[in-house]
Amino acid sequence: MESAILHRSLTKNYPIAVGEMEFTSSTIKGSAYWTEAAVRLFLALDIATKRIMYTSSGSEAVEAALKIARQYHVFHGDLRRINIIGRLHSYHGNTMGAMAAGNNPPRREAFEPMLSPAFQHVSRCFYDRDHDGMTEREYENHLIDELEAKINSLGAETVAAVIVEPVVGATLGAVAATPTYLPRLKALCEKNGILAIWDEVMCGMGRSGSYHAWQSLGGAAPDLQTIGKGLGAGYQPLSAILLSEKVATEFELHATGAKKFINGQTFQGHPVACAGALAVQKIIKRDRLIANVLARGEQLNSSLTTGLPSGFFEYSGSLRGMGLFRAVDFGNLGAATGGSLAQEVVDESFKQGAAVYTCSSAVDAVLIAPPFIITEQEVDVLICSEVMRSGAGHAFSEMIVGKCTE
Ligand SMILES: Cc1ncc(COP(=O)(O)O)c(C=O)c1O
């Protein structure tokens with residue numbers, strides 16, 4: 001239920017008939033089993049890599065990406081590279097490795113003593129909250145210096161990968177990296193022989209207004225990328241890991257050797273899942289839905305901005321996000337009006353028929369991430385509907401109602 005809103009790039013208005021899903025049973029390619037649907041989906045994706053690995057959930061994709069990073073170094077004989085650096089207030093999934101790589105405190109707390117010390121964390125990139133008077137450039141310098149210090153303290157030769165959500169989703173609510181943070185982080189990784197993993201399970205596949213979120217955030221392609229939610233849009237459970245040329249080449253060299261990568265799972269690349277995702281991806285292309293994500297995202301942002309009274313901003317409230325991946329952060333407003341607002345908005349909205357998402361307790365914010373097919377009129381309805389009016393019994397309703405009843 002929780003993630004229900006965020007994989008829905010299409011909705012029931014776009015029924016996909018089983019007949020539209022193109023699949024056949026297994027085809028054998030080389031020594032591996034591939035299905036036609038898996039191959040066709042791979043060819044339909046807008047990606048440069050020649051290697052993909054399918055998994056079923058975002059957590060599994062992250063687990064596999066972490067293992068691929070380690071395996072890459074094993075192929076090189078770089079056996080000391082065991083450490084993974086993640087960032088505070090990130091979310092990478094609920095399985096043990098993904099949870100260790102992330103840092104979503106409520107999800108992690110009970111399991112903390114069981115998590116491996118090979119997972120370390122540095123600060124989040126959240127300029128609006130954390131800039132402390134610095135320019136964006138100075139703030140980035142500070143974060144990159146911190147990461148370099150962490151790498152040096154662990155010993156660069158012991159670090160396998162750095163994992164980052166280009167736009168932080170579940171934990172902080174649509175917090176995008178500053179403009180040159182990702183390229184600078186990638187360059188630092190390269191200098192130290194470390195792989196950069198961009199986790200785009202939530203923010204990718206068009207959700208942020210470009211096919212990959214990193215394309216709008218400085219353009220640095222990662223060594224490994226995870227994708228999920230929007231890939232099958234909830235019609236089928238499917239996720240994947242995209243391997244860069246550098247990593248793929250290494251894996252090809254060792255495809256059949258004694259050290260070859262072993263990470264098989266029963267339902268990996270399931271033909272029905274791939275066929276479902278292929279149908280989704282064809283529709284997204286055919287109907288130019290990413291352009292719609294951008295246009296409707298702008299509309300959503302400006303409707304929210306003009307709907308909010310100045311008091312919202314005085315209490316450090318803020319709007320942020322990209323494409324149809326937006327957050328309303330209530331700042332100190334909740335504290336000033338009797339408690340956190342986010343959960344109240346989410347609960348009431350759900351009663352009224354709309355799913356918005358509560359972020360972690362690190363912020364008092366909700367994520368709004370409607371389907372890619374939302375129309376201009378529907379954005380108006382979303383903003384001016386009962387959902388938003390009664391969403392927060394007090395402060396939020398006043399902001400929105402004021403605008404909707406003009
Ligand atoms: C960035 C990110 N990575 C990984 C995951 C885990 O995906 P799943 O819930 O499909 O296991 C999520 C889920 O919200 C996510 O937002």
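Gly86 stands opposite His121 in strand S5, and four parallel bridges join strand S4 to S5. The model described here is a predicted one. Its chain comes to 16 helices and 15 strands, and the pairing of S4 with S5 belongs to an open sheet of seven strands.

**The chain as a whole**

- The chain has 406 residues, and buried residues make up 50% of them.
- Contacts between residues at least 6 apart in sequence can be sorted by how far apart the partners are along the chain: 73% of these contacts join residues at least 24 apart.

**The seven-stranded sheet**

- The order of strands in this open sheet is S3-S11-S10-S9-S6-S4-S5, and the pairing is mixed.
- Strand S3 (51-55) and strand S5 (119-122) are at the edges; each has a single partner strand, so one side of each is left without a neighbour in the sheet.
- On average, neighbouring strands of the sheet are turned by 20° against each other, direction ignored.
- Helix H7 (residues 181-191) packs on this sheet and touches S6 and S9. The direction of H7 makes about 145° with that of S9.
- Strands of a sheet pair through backbone hydrogen bonds, in either the parallel or the antiparallel sense.

**Strand S6 and its two partners**

- Strand S6 covers residues 159-164 and is mostly covered, with six of its six residues buried.
- On one side, S6 pairs with strand S4 (residues 83-87) in the parallel sense, over three bridges. In this pairing, Ile85 stands opposite Val162 of S6.
- S6 also runs parallel to strand S9 (residues 195-200), and four bridges join the two. Here Ala161 is opposite Leu195 in S9.
- In a regular strand, side chains alternate between the two faces of the sheet.

- H2 has 18 residues and reaches 25 Å from its first C-alpha to its last, close to the 26 Å expected at 1.5 Å a residue.
- Of the 18 residues of H2, 15 are buried, so the helix is largely enclosed by the rest of the structure.
- An α-helix has 3.6 residues a turn, so residues three or four places apart point the same way.

**The four-stranded sheet**

- A further open sheet has four strands in the order S12-S13-S15-S14, with antiparallel pairing.
- Its edges are strand S12 (318-322) and strand S14 (357-358); each has a single partner strand, so one side of each is left without a neighbour in the sheet.
- S12 pairs with strand S13 (residues 325-329) over five bridges, in the antiparallel sense. Within this pairing, Leu319 has Val328 in S13 as its bridge partner.

**Glu250, in helix H8**

- Glu250 lies in helix H8 (residues 245-253).
- Glu250 has 19 C-beta neighbours inside 10 Å and therefore counts as partly exposed; a buried residue would need 20 or more.
- Leaving out residues up to four places away in sequence, Glu250 touches Tyr72 and Phe75.
- Glu250 and His76 are 174 residues apart along the chain, but their C-alpha atoms are separated by 8.4 Å.

**Arg107, in helix H4**

- Arg107 is found in helix H4 (residues 105-108).
- Because Arg107 has 16 C-beta neighbours inside 10 Å, this residue counts as partly exposed.
- Apart from neighbours within four places in sequence, Arg107 is in contact with Asn94 and Met99.
- The C-alpha atoms of Arg107 and Tyr91 are 9.0 Å apart in space, and the two residues are 16 apart in sequence.

Definitions and conventions. Residues are numbered from 1 along each chain as its sequence is written. This is a predicted model: local features need pLDDT of at least 70, side-chain atom pairs count only at pLDDT 80 or more; totals for chains, interfaces and linings use all residues. A residue is buried if 20 or more other C-beta atoms lie within 10 Å of its own, exposed if 12 or fewer, and partly exposed in between; C-beta atoms are placed from the backbone. Two strands pair if DSSP finds at least two bridges between them. Two residues are in contact if their C-beta atoms, placed from the backbone, lie within 7 Å. Axes are lines fitted to C-alpha atoms, for helices over the stretch in contact, and angles run from 0 to 180 degrees between N-to-C directions. The expected span of a helix is 1.5 Å times one less than its number of residues.
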